[in-house]
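Please look over the structure shown here before reading on.

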Amino acid sequence: MKPRDEGSSLSGLLRYRGQQDGLLTRLNAPICAVCYFAGVAWFMGLAFEPFTLRTYMSENAMGSTMVEERFPSGERALATGREFAAHKKRVGGMPVDWLVKTMQARGLEVFTQSFSRTLPFPDENKERFMVKGTNVYGILRAPRAPRTEALVLSAPCSPGDNNNQAVGLLLGLAHYFRNQIFWAKDIIFLVNEHDLIGMQAWLEGYHHTNTTGMDWSPLQGRGGSIQAALSLELSSDVITSLDIVLEGLNGQLPNLDLANLFYAFCQKIGVLCTIQGKLQRSDWDSVSGYSQAVQTMMLMVLKQASGRPWGDHGLFLRYHIEAATITGINSFRQYKTDTTTIGRLLEGMYRKLNNLLERLHQSYFFYLMPSLSHFVSIGYYMPAFGLLAVILLLRALDLWVQLSAPPPRTEDGIVDVEQSSPGLLSVLTPLVISHLTGAALYMLPIRFQDMAVEHFPVSETEAVVLTAIAVYTAGLALPHNTHRLLSGEGTEQGWRVLKLVAVLYLAVLLGCTALINFSLGFILALSLVPVAAFVTPHVPKVLSAFVLVILSPACTLLFSVFFFQELQEMPVSFQDGWLLYLSVISQGILDHSLYGSLVYPLIALLIYPCWLLFWNILFWK
């Protein structure tokens, strides 16, 4: 009886496992659909006030704004800005000699840095191929400290009439700060040429690194370790509000306390403040209030997902320096803020940063902001991504169950060939070919630009973008038949093994991306998870191919461009949007070459090949 009991127990266990596997297979699709819509709903609910946290100051040294700001020289700063503009116009660029003399007259230790950078292809927006320039910076030494720490205030020297007022205010603050005796940190006043390129040269020179291959002269003067930095952008004598820009390179954000400090002083001094150009609203419980919170949060998500620095501050974050850009806006006509008030606000912020005993670290580094008074922490927004990611794990588990089942046999007792185990070559070949296509997408656009310009009537920038589009499109025709050429017709088990590998591969890719840049990972998950969930060789080919193309990385970027313009309340026609889309592609490739942005290599070398695997599965038979 004992052997019979053991046999019955084993058969019962197998029946129970079969029932569980059958239940998992039957309910897999409904559960995945529920998870997807729940993830989207969770994310949209993040902007609703009950699900957000009110901002608060975590750093004790900056907890109180009881600082008396006395900056008096707003009009003088504007006059200095007009003088700077006149000298800039006369020399046709950065007035280096005038800046050096002006900073020296204000009691600063003044130094210059020359730099040059050959772009991989011309910058279409500014029509330049070779960039040469000079940075000018002055150091105000801390009178009562060992000079081991520093703060930075920068203002880019922009072409035309842009940002002249910011340089004037920077020089006015330098003159005012020079007469104060309470500074415990060096304060560096930097005027950088060519915006981000100049800032990159200065930061590399300051930290003795060269990660981008730029040529720059060594810095002759240095301060202490930089604790925080602000970049100032003012292009009008009349400012109605101040906007804070937080998004940096590869989606990095400064410590939330820096944004809290800006908001606290705006509230104290009575300055109208915005984020993403959106005003604060008090009616959070209304439909319009919630709509604006969603728009503000989505603008931040799209900017962060782009991976590009949205201000000169964005490059400081690479060196673990908390930084933000403060931009003057002149669009809310019923308000007006004079330059003296802006100077007082910056004075208060720097006096608070001067009190820091250690780097900003107590508040959040991962957050989203539907407004300046509310934020969403990583613990609240990560479940939205988790609900999408669990779909991939459910599909992988379902495929594993199907592959674990014994292959059916024919009436003669012979194993069905279609259900037999696939050969390694039939699965490995699409993997290799897809990644070779991705490598071509990454390397060929810049390498083939000269050949394209020689044979077609296009500029270098157009050649790079059109080559990238051509390689991307050609990839649709290459991989999905390759395995047949090497190992014959694909088996039924073969596409399941390939999809299992692709689904797990995508889960790891999206998970790692979301940990570094949540916004990019979430947007990619929104488009790629449905592809991974539904694609099989047995769905209607034409309709499924259309859906796959619509949800591909390139089309996701196209839709994001139009959506971004809508959120900014600057809708564009399809033709203008297409040109903007091409410009975004060229800028993404350029940002990777100049500053080390990771979005383009991530899409080209990993995400696109992974999507090609699903395209390959659709055309398996």
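## A pair of helices

Axes are lines fitted to C-alpha atoms, for helices over the stretch in contact, and angles run from 0 to 180 degrees between N-to-C directions. In this predicted model, helix α14, which covers residues 492-516, packs against helix α15, residues 518-534, at an angle of about 165°, and their axes are 8 Å apart. Angles over 145 degrees count as roughly antiparallel, and α14 and α15 are therefore roughly antiparallel to each other.

The crossing of α14 with α15 is left-handed. On the α14 side the contact includes K499, V503, L506 and L510, while α15 contributes residues including F518, L524, L528 and F534. By class, this contact of α14 with α15 has 14 nonpolar, 2 polar and 1 charged residues.

## The sheet of 10 strands

An open sheet with mixed pairing is built from 10 strands in the order β6-β2-β3-β5-β4-β7-β11-β8-β9-β10. Its edges are β6 (215-216) and β10 (278-279), each with a single partner strand, so one side of each is left without a neighbour in the sheet.

Helix α5, residues 195-207, lies across several strands, among them β2, β5 and β6, and runs at about 140° to β5.

## The sheet of 3 strands

Another open sheet has 3 strands in the order β1-β13-β12, with antiparallel pairing. The edge strands β1 (53-54) and β12 (367-371) each pair on one side only. Between β1 and strand β13 (residues 374-377) there are 2 bridges, and L53 stands opposite F375 in β13.

Technical notes: Residues are numbered from 1 along each chain as its sequence is written. This is a predicted model: local features need pLDDT of at least 70, side-chain atom pairs count only at pLDDT 80 or more; totals for chains, interfaces and linings use all residues. Side-chain values use heavy atoms; hydrogens and water are left out. Two strands pair if DSSP finds at least two bridges between them. Helices (H or I, at least four residues) and strands (E, at least two) are DSSP runs, numbered from the N terminus. Angles under 35 degrees count as roughly parallel, over 145 as roughly antiparallel, 65 to 115 as roughly perpendicular and the rest as oblique. A crossing is left-handed if the near helix is turned anticlockwise from the far one by less than a right angle, and right-handed if clockwise. Contact means heavy atoms within 4.5 Å. Ala, Val, Leu, Ile, Met, Phe, Trp, Tyr, Cys and Pro count as nonpolar, Asp, Glu, Lys and Arg as charged, and the others, Gly among them, as polar.
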